[in-house]
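I am opening a notebook on a structure that is new to me, and I mean to write down what I look up in the order in which I look it up.

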Amino acid sequence: MSSPCDPCHAPAGDVGAALMMIDSRLKAVYDGKTETDPEHEALIDQFTASLSPRGANDVLDGACTLIYMFMQWLRMAYEDQDKDVIGYVVPDLVATMRMMPRSVRPEVIPTMAGLLIAAGTGLSPNLWRRQYGYWTGEEMTPLEVTAFLLAEHINHLTRDRDFATRMIADALSEAGED
C-alpha cells in the first residue's frame with residue numbers, strides 16, 4: 001500500500017535554486033567565511049525577494065527534495081557498512097543543530113529530526129511536514145541548515161568538498177536528458 005507521503009506524490013520543486021543556496025553556503029564555510037557576509041546575505045535577500053509566492057514554495061520543495069536525495073544516498077552508504085542511517089545521521093545532525101541556537105531554535109529541532117527520519121525511511125520530507133500544517137517562518141533557516149549539514153556530512157564521508165553538490169547536479173543533468 002502506498003503512503004500519502006510517498007515521494008512519487010511530492011513535487012520536486014526548484015532543486016537547482018535550493019542546490020545553489022546550499023552550495024554557496026558550503027563554499028563560504030570551506031573558505032573559512034563563517035561570519036555573516038553582508039554582501040552574500042544581500043544577494044540571498046535579493047533573490048528571495050524576487051520570488052513569487054509560488055517560486056518561494058518551489059525552492060522550499062526543492063530543499064526538501066535535496067534532503068530526501070541526500071538521506072537516500074546516506075542510507076545506501078551506511079547500509080553498505082551494515083549501519084543504520086537514522087542511528088548515525090540523525091543524532092549527529094541534532095547535536096550540531098543544538099550548538100546553533102541563533103540559527104536553529106530548540107523548538108524546531110524535533111521537526112527537523114522528524115524530517116530526517118521521514119527522508120531516511122523513504123518518505124517525502126515535504127509531504128511528511130505538510131500533514132502537520134504549513135511551514136512556518138521559524139522553520140526556513142533550520143530547513144536550510146538541515147540540507148547544508150547533510151551535504152557537509154556527505155562531503156566529509158567522501159572526503160570531497162564538492163561531492164554532494166556534484167551528485168545532485170549530475171542527477172539533474174541526467175533527468176534533463178530523459
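Predicted model: local features only at pLDDT ≥ 70, side-chain atom pairs only at ≥ 80, totals over all residues.

**Entry on alanine 18.** I looked up alanine 18 and found it in helix α1, which spans residues 15-30. Is alanine 18 buried or exposed? Its relative accessibility is 4%, and since buried means under 20% relative accessible area, alanine 18 counts as buried. I then asked which residues it touches, and, leaving aside neighbours within four places in sequence, I found alanine 18 in contact with Val59, Gly62, Ala63 and Leu66. One of these, alanine 63, lies 45 residues away along the chain, yet the C-alpha atoms of alanine 18 and alanine 63 are separated by 5.2 Å.

**Entry on the whole chain.** I stepped back to the chain and counted eight helices and zero strands in its secondary structure, so that from the N terminus on I read the elements as α-α-α-α-α-α-α-α. Along the principal axes, the C-alpha atoms fill a box of roughly 45 × 40 × 35 Å. I checked the radius of gyration as well: a compact globule with 178 residues would have one near 16 Å, and the chain agrees, because it has 16 Å. Buried residues make up 40% of the 178 residues. Where contacts join residues at least 6 apart in sequence, I find that 75% of them link residues at least 24 apart.

**Entry on α3 and α7.** I noted for myself that two packed helices are described by the angle between their axes and the distance between the axes. Helix α3 (residues 53-79) packs against helix α7 (residues 140-158) at an angle of about 30°, with the axes 10 Å apart. Angles under 35 degrees count as roughly parallel, and α3 and α7 are therefore roughly parallel to each other. Their crossing is left-handed. Among the residues that meet, I list Leu60, Ile67, Phe70 and Trp73 from α3, and Leu143, Leu150, Ile154 and Leu157 from α7. By class, the residues of this contact divide into 16 nonpolar, three polar and no charged.

**Entry on α3 and α4.** The axes of α3 and helix α4 (residues 85-98) come within 9 Å and cross at roughly 130°, and the two helices are therefore oblique to each other. Met71, Leu74, Arg75 and Tyr78 of α3 make the contact with Val85, Ile86, Tyr88 and Val89 of α4. I counted seven nonpolar, no polar and one charged residues in it.

**Entry on α5 and α7.** How do the axes of α5 and α7 lie, and what is the angle between them? The axes of helix α5 (residues 109-120) and α7 come within 10 Å and cross at roughly 45°, and the pair is therefore oblique, with α5 passing α7 in a right-handed crossing. Met112, Leu115 and Leu116 in α5 meet Pro142, Leu143, Thr146 and Leu150 in α7, which I sort into six nonpolar, one polar and no charged residues.

**Entry on aspartate 61.** Last, I looked up aspartate 61, which is found in helix α3 and is buried, with a relative accessible area of 3%. Not counting residues up to four places away in sequence, aspartate 61 touches Pro11, Ala12, Gly13, Asn126 and Arg130.

Note on methods. Residues numbered from 1 in each chain as written. Heavy atoms only, no water. Axes fitted to C-alpha atoms, helices over the stretch in contact; angles between N-to-C directions. Helix = DSSP H or I, 4+ residues; strand = E, 2+ residues; numbered from the N terminus. Parallel < 35°, antiparallel > 145°, perpendicular 65-115°, else oblique. Left-handed = near helix turned anticlockwise from the far one by under 90°. Contact = heavy atoms within 4.5 Å. Nonpolar A, V, L, I, M, F, W, Y, C, P; charged D, E, K, R; others polar. Buried < 20%, exposed > 50% of the residue type's maximum accessible area, 1.4 Å probe, protein only. Rg over C-alpha atoms; globule rule 2.2 N^0.38 Å.
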